[in-house]
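The sequence and the model are shown below.

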Amino acid sequence: MDLASYAELAVRLVNTRTPEGDRLGDLDALRELLTAGPHLSGRIGRSDLEAMVQLRADLRSIFESVTEGDEDGAAEGINSLLLQHPVHPQISAHDGQRWHLHITEGGSVPDRYAAGAAMGLAVYVSAEGLDRLAICHAAPCRNVFIDTSSNRSRRYCSDHCAGRAEPGVRAVAQGGPSRNDGLGQ
């Protein structure tokens with residue numbers, strides 16, 4: 001597994017809090033989130049849920065710092081998580097794959113999740129830049145995402161939000177009216 005792919009753990013966790021509510025409200029919801037990776041299995045309790053809620057806030061603040069133009073603050077946030085949740089990489093070959101890096105499976109479930117998310121963000125932004133971390137521009141959505149577009153132009157977390165936010169752009173592309181007055185036609 002490419003270590004940068006662990007950055008997706010940050011996105012998944014942060015996006016459990018939406019304007020519609022909290023999808024990380026109980027242990028069953030946490031168990032569902034942890035199905036993201038086999039390395040995240042283990043016994044969990046109330047304190048683990050509380051740690052994950054705090055981690056979610058810490059990760060969101062990193063994305064918010066980038067959005068506000070505070071790259072130093074975002075880097076400090078990532079570095080702080082790396083210090084709090086040390087990463088212990090190891091090489092592994094499994095499932096017919098070549099040798100590649102993984103993060104060891106020591107510590108509590110929240111520690112492993114935090115270490116993976118922080119390391120993934122660190123590797124990704126070191127290679128691609130902090131400006132790749134973004135928050136959706138479609139109100140009221142506040143989902144975070146990693147902009148993987150070739151020209152760093154992605155503004156929305158999904159096609160659904162892009163279509164909802166810019167109906168005039170979609171209508172023009174389809175040969176329809178170009179007005180964007182909020183009426184959708």
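This is a predicted model: local features need pLDDT of at least 70, side-chain atom pairs count only at pLDDT 80 or more; totals for chains, interfaces and linings use all residues.

## Helix H4

Helix H4 runs over residues 71–84, a stretch of 14 residues. At 1.5 Å a residue, H4 should span 20 Å, and the distance of 20 Å between its end C-alpha atoms agrees with this.

Four residues of H4 are buried, namely Gly 73, Ala 74, Ile 78 and Leu 81. They cover an arc of only 140° around the axis, which places them on the same side of H4. The other side of H4 carries Asp 72, Glu 76 and Leu 83, which are exposed. The cover over the buried residues of H4 includes helix H3 (46–67) and helix H5 (109–128).

## Helix H5

Helix H5, which takes part in covering H4, has 20 residues.

Of the 20 residues of H5, 14 are buried, so the helix is largely enclosed by the rest of the structure. After H5 comes Gly 129, which has a positive phi, near 110°.

## Salt bridges in the structure

Side chains of opposite charge can pair when their charged atoms come close. In the whole structure, a search finds five salt bridges.

One of the salt bridges joins the side chains of Arg 31 and Asp 28, at 3.0 Å from N to O. Both residues belong to helix H2 (residues 27–33), where they are three residues apart, about one turn of the helix. Arg 31 is partly exposed, with a relative accessible area of 41%, whereas Asp 28 is exposed at 56%.

## Salt bridges between loops

A further salt bridge connects the side chains of Arg 152 and Asp 131, with an N to O distance of 2.7 Å. Arg 152 lies in the loop between strand E6 (144–146) and helix H6 (159–165), and Asp 131 in the loop between H5 and strand E5 (133–135), so this pair ties together parts that are 21 residues apart in sequence. Arg 152 counts as partly exposed, at 41% relative accessibility, and Asp 131 is likewise partly exposed, at 40%.

The side chains of Arg 132 and Asp 147 also meet in a salt bridge, at 3.8 Å from N to O. Here Arg 132 is in the loop between H5 and E5, while Asp 147 is in the loop between E6 and H6, so the pair ties together parts that are 15 residues apart in sequence. Arg 132 and Asp 147 are both buried.

## A salt-bridge network

Salt bridges also link three residues into a network, which consists of Arg 17, Asp 22 and Arg 56.

Definitions and conventions:
Residues are numbered from 1 along each chain as its sequence is written. Side-chain values use heavy atoms; hydrogens and water are left out. Helices (H or I, at least four residues) and strands (E, at least two) are DSSP runs, numbered from the N terminus. The expected span of a helix is 1.5 Å times one less than its number of residues. Buried means under 20% relative accessible area, exposed over 50%, partly exposed in between (1.4 Å probe, protein chains only). The arc is that of the directions from the helix axis to the C-beta atoms. Contact means heavy atoms within 4.5 Å. A salt bridge is a side-chain nitrogen of Lys or Arg within 4 Å of a carboxyl oxygen of Asp or Glu.
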